[in-house]
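Let's take a walk through this structure together, one region at a time. Keep the view open and turn it as you read.

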Amino acid sequence: FTVVGGGFAGIEVFGELRSLASGLLRYYPTLTFDDTKFHLIEAMGRIMPEVSLKSSHWVLKNLAQRGAEVHLDTQLKSAVGGHMELSTGETFESDLLVWTAGVMANPMLKMTDLPTEERGRLRVGADLRVIGEDGPIEGAWGSGDVSAVPDLTGKGIGGYCVPNAQHAVRQGKLLAKNIVGVLRGDAPAEYRHENLGSVATLGLGEGIFQSGKIAIKGAPAWLMHRGYHGLAIPMWERKIRVFTNWILNFFLRRDIVSIEARETPREAFAEYAARPK
């Protein structure tokens, strides 16, 4: 298993893959954990810049104790045919590659005449109106990952809100209110969200939470992560379904299903869509 990117997304994917592999081994007695290899590749000299350096060192130690190999100050040069080539000269084979090293704006913006910034994102103001050369463009609004929304708290990378779900959901709500407000003759409000902390999972029962100088590690942080994201799910009906499923998984283990179609995704189509002989 190879994960490229040592931010929150990469660490969470990495931890879940490791936990999933451990869970699968109980169903396949001919396999051992030594038959699996986990590689995390990060171009920076540290992982998880969202937390303190001390907390990131704890995460590195936790991953190492669970059989993970972390490559810092390293870039992935090639992954042709599952053969991983790193900038350090190291090479190894990998059956699964997950890319979490950043996102880009939807390329559909290139087919419009809307103003964009250097990274290809829609140029908007703090009130989420699209900003042209002469100021706000009438009737044009933007929010979420596709937009470069200024972070008024001053904590955003490069002065902009990071492209995550927390910002996108809040911006979407403000965008709707601003459009209605402008139609009624009111001035649009500016988007401002003060981040109270960061939380991530490192796999089943392991997590890390950071708020200022306060850091919580292990099972308590994992429970905080599950609770926070579970409550963020819209509608109580969905919340109840998800929480119930998590509780059942705790007692009944993960639901293991076959994913043979991943290896030959076209095989079923070719068999059943062909004209009968």
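Two strands are said to pair if DSSP finds at least two bridges between them. Helices (H or I, at least four residues) and strands (E, at least two) are themselves DSSP runs, numbered from the N terminus. What you're looking at is a predicted model, where local features need pLDDT of at least 70, side-chain atom pairs count only at pLDDT 80 or more, and totals for chains, interfaces and linings use all residues. Residues are numbered from 1 along each chain as its sequence is written, and side-chain values use heavy atoms, with hydrogens and water left out.

First, the overall picture. The protein has six helices and 14 strands. Its C-alpha atoms fill a box of roughly 70 × 65 × 50 Å, taken along the principal axes. Of its 277 residues, 34% count as buried. Buried here means under 20% relative accessible area, exposed means over 50%, and partly exposed is in between (1.4 Å probe, protein chains only).

Now find the open sheet of three strands, with the order β4-β5-β6 and antiparallel pairing. β4 (76-78) and β6 (91-93) sit at the edges with a single partner strand each, so one side of each has no neighbour in the sheet. On average, neighbouring strands of this sheet are turned by 35° against each other, direction ignored; the axes behind that value are lines fitted to C-alpha atoms, for helices over the stretch in contact, and angles run from 0 to 180 degrees between N-to-C directions. β4 and β5 (residues 83-86) run antiparallel and are joined by two bridges.

Next, look at T100, in the loop between β7 (97-99) and β8 (122-123). Is T100 buried or exposed? With a relative accessible area of 19%, T100 is buried. Its side chain reaches the backbone nitrogen of G10 at 3.5 Å. A polar contact is a pair of N or O atoms within 3.5 Å; within protein, one must be able to donate a hydrogen and the other to accept it, and residues adjacent in sequence count only if both atoms are side-chain atoms.

On to the charges. The structure holds four salt bridges, each being a side-chain nitrogen of Lys or Arg within 4 Å of a carboxyl oxygen of Asp or Glu. One of them links the side chains of R129 and D127 (2.8 Å, N to O). R129 is partly exposed at 28% relative accessibility, while D127 is buried at 12%.

E237 has its own story. This residue meets R238 in a salt bridge (3.7 Å, N to O) and forms another with R241, with the closest N and O atoms 2.5 Å apart. Why are E237 and R241 separated by about one helical turn? Because they are four residues apart in helix α5. Shared partners join E237, R238 and R241 into one network of salt bridges. R241 counts as exposed at 53% relative accessibility, whereas E237 is partly exposed at 37%.

Finally, follow helix α5 (residues 236-252) along to F251. At 62% relative accessibility, F251 counts as exposed. I247, L248, F250, F251 and L252 make a nonpolar surface patch of about 600 Å².

Definitions and conventions: Patch = residues over 30% accessible without salt bridge, like charges linked within 9 Å, V, L, I, M, F, W, Y side chains within 5 Å. Areas by Shrake-Rupley, 256 points an atom, 1.4 Å probe, with all protein chains shown as cover.
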